[in-house]
Amino acid sequence: MDQTFTLLPLHLDPTSKAVSSPLPHLAAPLAILSNTHRTLVPLQGQIPPPPLPTNPKRSAQIQKMRDQGNTSLRRSTAASAQEAVQLYTYGVDMALGRPGWEPAALVRDEAATLYANRAQAYMAISMWPEGAADGATSVELKRGGNGKAWWRRGKCLAEMGRWEEAKVWVREGLEVEGNEGDLAALNREIEAHLAK
């Protein structure tokens, strides 16, 4: 599809700051824009900023979902791993459902941890594609200090037989995380398999 740029004849009144155009089809939208501008100008500096503190109840609920998921995953049964996936999913939904004014860094940290944990739960029930996707999402949210997520995606790729992709992923993880033990061990395992 070709994209073209059309320069529209717009005029800005220097006194009132109203935008106008000789084109009739732009008259109504520009009138709305000018009205909105006139309404907001007198309020300058009077609009309170959004609340900064985060909702402690939401943070506690997200932590509770994570802790319960971890407890379920430790039971080492397929049913408990499935339960852990569900609990981590609830936690992800809560973290991503935070209001827009709450710090984005908090949302990223919570979601990165939950996605990494859910990747582990998927691995426990051999759902390799889902585990790989969650590992990648976790790394996308938090690249550094997230060695487990790098390892989990690499392991899932290896389990699916995608050895070359796993090699590239793990090497990138080692560049970011340094010589993280589990990641380095997985890298040696991948290299040994590819050398066969």
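Student: Which residues is I190 in contact with, leaving aside its neighbours within four places in sequence?
Tutor: This is a predicted model, in which local features need pLDDT of at least 70, side-chain atom pairs count only at pLDDT 80 or more, and totals for chains, interfaces and linings use all residues. Residues are numbered from 1 along each chain as its sequence is written, and side-chain values use heavy atoms, with hydrogens and water left out. Contact means heavy atoms within 4.5 Å. With those sequence neighbours set aside, the partners of I190 are W163, A166, K167 and V170.

Student: How many residues does the largest nonpolar core have?
Tutor: A nonpolar core is a set of buried Ala, Val, Leu, Ile, Met, Phe, Trp, Tyr and Cys residues joined through side-chain atoms within 4.5 Å. Buried means under 20% relative accessible area, exposed over 50%, and partly exposed in between (1.4 Å probe, protein chains only). In the largest core, W169, V170 and I190 have the most contacts inside it. The number of residues in this core is 15.

Student: Which element gives the most to this core?
Tutor: Elements here are DSSP runs numbered from the N terminus: helices (H or I, at least four residues) and strands (E, at least two). Two or more residues come from each of α6 (147-159), α7 (163-177) and α8 (181-195). With five residues, the element that gives the most is α7.

Student: Are α6 and α7 roughly parallel or roughly antiparallel to each other?
Tutor: Axes are lines fitted to C-alpha atoms, for helices over the stretch in contact, and angles run from 0 to 180 degrees between N-to-C directions. The axes of α6 and α7 are 8 Å apart, and the helices pack at an angle of about 170°. Angles over 145 degrees count as roughly antiparallel. Therefore α6 and α7 are roughly antiparallel.

Student: Which residues of α7 make the contact with α6?
Tutor: From α6, the contact uses G147, A149, W150, R153, G154, L157 and A158. The partners from α7 are W163, E165, A166, W169, V170, E172, G173, V176 and E177.

Student: At what angle do α4 and α5 cross?
Tutor: Helix α4 covers residues 104-124 and helix α5 covers residues 128-141. Their axes come within 8 Å. The two helices are roughly antiparallel to each other. Their axes cross at roughly 160°.

Student: Is K155 buried or exposed?
Tutor: K155 is located in helix α6. Beyond its neighbours within four places in sequence, K155 is in contact with M123, L186 and E189. Because its relative accessibility is 17%, K155 counts as buried.

Student: What is the relative accessible area of E110?
Tutor: E110 belongs to helix α4. E110 is buried, and its relative accessible area is 14%.

Student: How far apart in space are S34 and K17, C-alpha to C-alpha?
Tutor: S34 sits in helix α1 (residues 27-40) and is buried, with a relative accessible area of 8%. S34 touches A18 and V19, not counting residues up to four places away in sequence. S34 and K17 are 17 residues apart in sequence, and from C-alpha to C-alpha the separation in space is 7.7 Å.

Student: How far apart in space are D67 and E164, C-alpha to C-alpha?
Tutor: D67 lies in helix α2 (residues 56-74). At 36% relative accessibility, D67 counts as partly exposed. D67 and E164 are 97 residues apart in sequence, and their C-alpha to C-alpha separation in space is 35 Å.

Notes: Angles under 35 degrees count as roughly parallel, over 145 as roughly antiparallel, 65 to 115 as roughly perpendicular and the rest as oblique.
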